[in-house]
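I opened this notebook to record what I looked up in the structure.

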Amino acid sequence: TAVGGTNFEGKGIGPESAWNNGGGGFSNTFAIPAYQASAVAAYKASPDAKLPPQDMWNNTGRGYPDIAALGGTKTPYCIASGILGFRGVAGTRAST
């Protein structure tokens with residue numbers, strides 16, 4: 001269920017290209033809502049889904065994607081982190 005995000009193609013702001021790492025999956029907290037039920041069922045029935053063994057994920061949880069603009073690791077964000085100083089962070093968790 002990973003879809004990833006994008007990276008800048010060069011070292012500065014400019015065109016973007018796909019970054020195909022990331023996460024996503026099925027919630028352990030929220031059930032599948034009615035508006036998502038048929039899409040989630042179709043996805044889980046598809047041989048292309050390549051899902052892990054059923055005991056490793058919640059079959060009754062709502063599906064959630066993980067996609068973000070500039071979510072890749074090529075151009076990390078700079079943050080100030082207390083005693084660690086300035087650090088680069090990246091990935092879809094760093095995107096908004």
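I began with pLDDT, which is the predictor's confidence in each residue, from 0 to 100. The model is predicted: local features need pLDDT of at least 70, side-chain atom pairs count only at pLDDT 80 or more, and totals for chains, interfaces and linings use all residues. Residues are numbered from 1 along each chain as its sequence is written, and side-chain values use heavy atoms, with hydrogens and water left out.

**Confidence.** I noted an average pLDDT of 77 for the protein chain, with 78% of the residues scoring at least 70. Confidence is highest in H1, at 90, and lowest in strand E5 (residues 67-68), at a mean of 64.

**Fold.** I took helices (H or I, at least four residues) and strands (E, at least two) as DSSP runs, numbered from the N terminus. The protein chain has seven strands and one helix, in the sequence pattern β-β-β-α-β-β-β-β. I then looked up contacts, meaning heavy atoms within 4.5 Å. Of those between residues at least 6 apart in sequence, 53% join residues at least 24 apart.

**Surface.** I used accessible areas from the Shrake-Rupley method with a 1.4 Å probe; for residues, only the protein chains shown count as cover. The protein chain exposes about 6800 Å², and carbon and sulfur atoms supply 58% of it. Buried means under 20% relative accessible area, exposed over 50%, and partly exposed in between. Buried residues make up 25% of the 96 residues.

**Gln36.** I located Gln36 in helix H1 (residues 34-45). Gln36 counts as buried because its relative accessible area is 13%. Its side chain reaches the backbone nitrogen of Gly63 at 2.8 Å, a polar contact being a pair of N or O atoms within 3.5 Å, where within protein one must be able to donate a hydrogen and the other to accept it, and residues adjacent in sequence count only if both atoms are side-chain atoms. Leaving aside neighbours within four places in sequence, Gln36 is in contact with Arg62 and Gly63.

**Lys50.** I found Lys50 in the loop between H1 and strand E4 (61-64). Lys50 is exposed because its relative accessible area is 72%. Its phi is positive, at about 50 degrees, although Lys50 is not a glycine. Most residues other than glycine have a negative phi.

I counted two strands as paired if DSSP finds at least two bridges between them. Strands E6 (residues 77-80) and E7 (residues 86-89) pair in the antiparallel sense over four bridges. Cys78 has Gly88 in E7 as its bridge partner. Five residues separate E6 and E7 in this hairpin, and Gly82 in the turn has a positive phi of about 45 degrees.

Notes: Buried means under 20% relative accessible area, exposed over 50%, partly exposed in between (1.4 Å probe, protein chains only).
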